[in-house]
Amino acid sequence: MVIGIDIGGSTTKIVGFRDGRIIQPLIVKANDPVASAFGALGKFINENKVPVSSLEHIAVTGVGSNAIESDLFGVPVSKVDEFLAIGLGGLYLSELKRAIVVSMGTGTALV
């Protein structure tokens, strides 16, 4: 399973991807980006009954991703450009080859 975590300014979003399927996303709030990332991952693992050993990789993005300097719970982490993540994620979810993807939250981006 691969995990994606978007550590935003006000919320942290997390989603899993296994066998070509999206595993239920969830949202957590915390003031500290590191606490938010660990909290989101812990909550995701607990709610979805996912063993840490099944996690292959974690991709982080968002304004708080710079605070993540190493692995999370022993799982390798890479940083992904937020605009690339928004654009490619929007295309994947829409099943379109070309689109304008809008991300609306505390910040708004058109990709």
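Asp32 counts as partly exposed because its relative accessibility is 41%; the classes are buried under 20% relative accessible area, exposed over 50%, and partly exposed in between, with a 1.4 Å probe and protein chains only. The model is predicted, so local features need pLDDT of at least 70 and side-chain atom pairs count only at pLDDT 80 or more, while totals for chains, interfaces and linings use all residues. Residues are numbered from 1 along each chain as its sequence is written, and side-chain values use heavy atoms, with hydrogens and water left out.

Asp32 sits in the loop between strand 3 and helix 1. Ala37 belongs to helix 1 and, at 0% relative accessibility, counts as buried. Between Ala37 and Ile68 the C-alpha distance is 8.2 Å, at a sequence separation of 31 residues. When residues up to four places away in sequence are not counted, Ala37 touches Ile5, Ile7, Ile68 and Leu72; contact means heavy atoms within 4.5 Å.

The protein chain as a whole has two helices and seven strands, in the order β-β-β-α-β-β-α-β-β from the N terminus. The C-alpha atoms fill a box of roughly 35 × 30 × 20 Å along the principal axes. Of contacts between residues at least 6 apart in sequence, 40% join residues at least 24 apart.

Of the 111 residues, 30% count as buried. In soluble globular proteins, nonpolar side chains tend to be buried together. Here the largest nonpolar core has 20 residues, and those touching the most other members are Ile3, Ile5, Ile14, Leu41, Phe44, Leu55 and Ile58. Strand 1 (2-7), strand 3 (21-28), helix 1 (33-48) and strand 4 (57-61) each give two or more residues to this core, with the largest share, five residues, coming from helix 1. Such a core is a set of buried Ala, Val, Leu, Ile, Met, Phe, Trp, Tyr and Cys residues joined through side-chain atoms within 4.5 Å. Neighbours within four places in sequence aside, Ile3 is in contact with Ile14, Val15, Gly16, Leu41, Phe44, Leu55, His57, Ile58 and Ala59.

Most residues other than glycine have a negative phi. Asp19, in the loop between strand 2 (12-18) and strand 3, has a positive phi of about 50 degrees although it is not a glycine. Lys49, in the loop between helix 1 and strand 4, also has a positive phi, near 55 degrees. Asp19 is exposed, with a relative accessible area of 74%, and Lys49 is exposed at 69%.

The surface of the protein chain comes to about 6,900 Å², of which carbon and sulfur atoms supply 57%; accessible areas come from the Shrake-Rupley method with a 1.4 Å probe.

Definitions and conventions: Helix = DSSP H or I, 4+ residues; strand = E, 2+ residues; numbered from the N terminus.
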